Amino acid sequence: MRAVHLVDYVGPDGLRIVDIDEPVSGDRVVVDLYAAGVAFPDLLQSRAGYQVVRPLPALLGMEAAGVVRSAPEGHEFEPGQRVAVLADTGSWQQTVAVNPAMVFALPDSVSFAAGAGFLLNYLTVHFALDERARYHPGETVLVHGAAGGVGVAALHVAAALGLDTIAVVSTAAKAEVARAHGATHVIGVDGFKDHALELTRGRGVDIVLDPVGGERFTDSLRSLAPGGRAVVLGFTAGQIPTVKVNRLLLNNISVVGAGWAEYMRSDPSYPARQWAVLEPLLRAGKLTIAEPTVYPMDRAAEALRALESRTAHGKVVLTLA
């Protein structure tokens with residue numbers, strides 16, 4: 001089968017299309033993949049800049065979607081069934097063998113491309129809002145990077161959970177993306193704190209979701225209402241901000257991290273519990289999944305560069321045919 005291998009830690013230029021053996025099934029579910037997600041951790045891993053460094057040659061990717069080829073006896077999955085998967089061995093390959101606990105039935109209404117980019121971002125956002133921010137319906141969430149993959153997922157998940165959203169974007173084109181994905185309000189990054197305070201009549205927002213980091217983080221804290229929570233999801237701006245903890249005392253605000261992958265490693269059953277919450281919302285049409293930007297697997301380097309330049313709108317996936 002064909003796969004995308006990272007052969008050198010030099011970023012996107014280190015990717016190569018290779019032919020490798022298909023995986024051995026053992027006690028795992030074998031899935032023939034149609035598409036695989038591309039995420040910011042993949043870009044970091046391509047330069048050995050992520051907390052988990054995969055030995056070379058490495059298979060990147062964690063999420064994908066396809067059709068079950070075979071499953072161990074006693075499990076619910078059947079050949080031909082449409083599924084989304086979390087692949088601990090890498091997903092940028094045409095066939096994977098996956099832990100049954102990391103296989104999720106994909107509704108017919110969701111395309112393989114959308115399903116391939118669903119799990120990582122949407123489960124991360126749900127974890128951030130539910131487990132870390134302890135959201136309450138009716139609260140207001142400020143979303144940084146709202147036109148990116150995590151940001152679009154945040155807009156959809158927040159709406160499904162009964163939350164209002166303020167989308168922060170850097171360009172007019174990204175503003176249109178945020179509006180198209182249901183943001184309650186859309187504001188520019190310049191002066192976002194003052195605009196957020198105006199929209200909340202001076203009270204501030206209840207939750208900030210920040211996958212960007214950088215210099216805007218202090219104003220994120222200043223935009224919080226009393227008892228507000230800022231949730232750190234990443235640092236796509238490239239700068240890791242620091243916090244003067246005296247700011248936390250002023251309005252009894254909190255700063256928390258949302259490391260979903262680390263949480264999942266300590267509690268492997270957690271994604272299934274999340275799916276039990278989100279899948280009914282998906283089937284009922286209350287939660288929607290955006291169609292991603294699609295690249296063929298032989299343009300995987302280009303897909304990573306779109307993340308690196310922050311020109312990608314929404315989720316990015318690779319087709320694997």
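**Cavity**

For a cavity I take a set of points, on a 1 Å grid over the protein atoms alone, where a 1.4 Å probe fits but cannot get out. The volume is the space filled by probe spheres set on the points, with grid points joined across faces, edges and corners. For the largest cavity I noted about 70 Å³. I then looked up its lining (residues with an atom within 4 Å of a point) and found 13 residues, with Gly 117, Tyr 122, Ile 289, Ala 290 and Lys 315 nearest the centre. The elements giving two or more residues to this lining are α2 (112–116) and α4 (149–160). The largest share, three residues, comes from α4. I use DSSP runs here, numbered from the N terminus: helices are H or I with at least four residues, strands are E with at least two.

By class, I have nine nonpolar, three polar and one charged residues around the largest cavity. Nonpolar covers Ala, Val, Leu, Ile, Met, Phe, Trp, Tyr, Cys and Pro; charged covers Asp, Glu, Lys and Arg; the others, Gly among them, are polar.

A note on ground rules: residues are numbered from 1 along each chain as its sequence is written, and side-chain values use heavy atoms, with hydrogens and water left out. In this predicted model local features need pLDDT of at least 70 and side-chain atom pairs count only at pLDDT 80 or more, while totals for chains, interfaces and linings use all residues.

**Pocket**

Next I looked up the second largest pocket, which holds about 160 Å³ of space. A pocket is an open set with protein on both sides within 12 Å along at least five of seven lines. Among its lining residues I listed His 75, Glu 76, Phe 77, Pro 100, Ala 272 and Trp 275. Strand β8 gives the most to this lining, with three residues; β8 (103–105) and α10 are the elements that give two or more. The classes here are eight nonpolar, one polar and one charged.

Rings of Phe, Tyr and Trp (its six-membered ring) pair if their centres lie within 6.5 Å; planes under 30 degrees apart are stacked, over 60 edge-to-face, the rest tilted. I get seven aromatic pairs by this rule. Phe 118 and Trp 275 have ring centres 5.6 Å apart and planes at 75 degrees, so I logged the pair as edge-to-face.

**Sheets**

Six strands make an open sheet in the order β11-β10-β9-β12-β13-β14, with parallel pairing. Strands pair if DSSP finds at least two bridges between them. At the edges I find β11 (185–188) and β14 (254–257), each with a single partner strand, so one side of each has no neighbour in the sheet. The twist averages 20 degrees from one strand to the next; axes are lines fitted to C-alpha atoms, for helices over the stretch in contact, and angles run from 0 to 180 degrees between N-to-C directions. Parallel strands β12 (residues 205–210) and β13 (residues 224–232) are joined by five bridges, and Asp 210 has Val 232 as its bridge partner. Helix α3 (residues 119–132) packs on the sheet, touching β9 (140–143), β12, β13 and β14; contact means heavy atoms within 4.5 Å.
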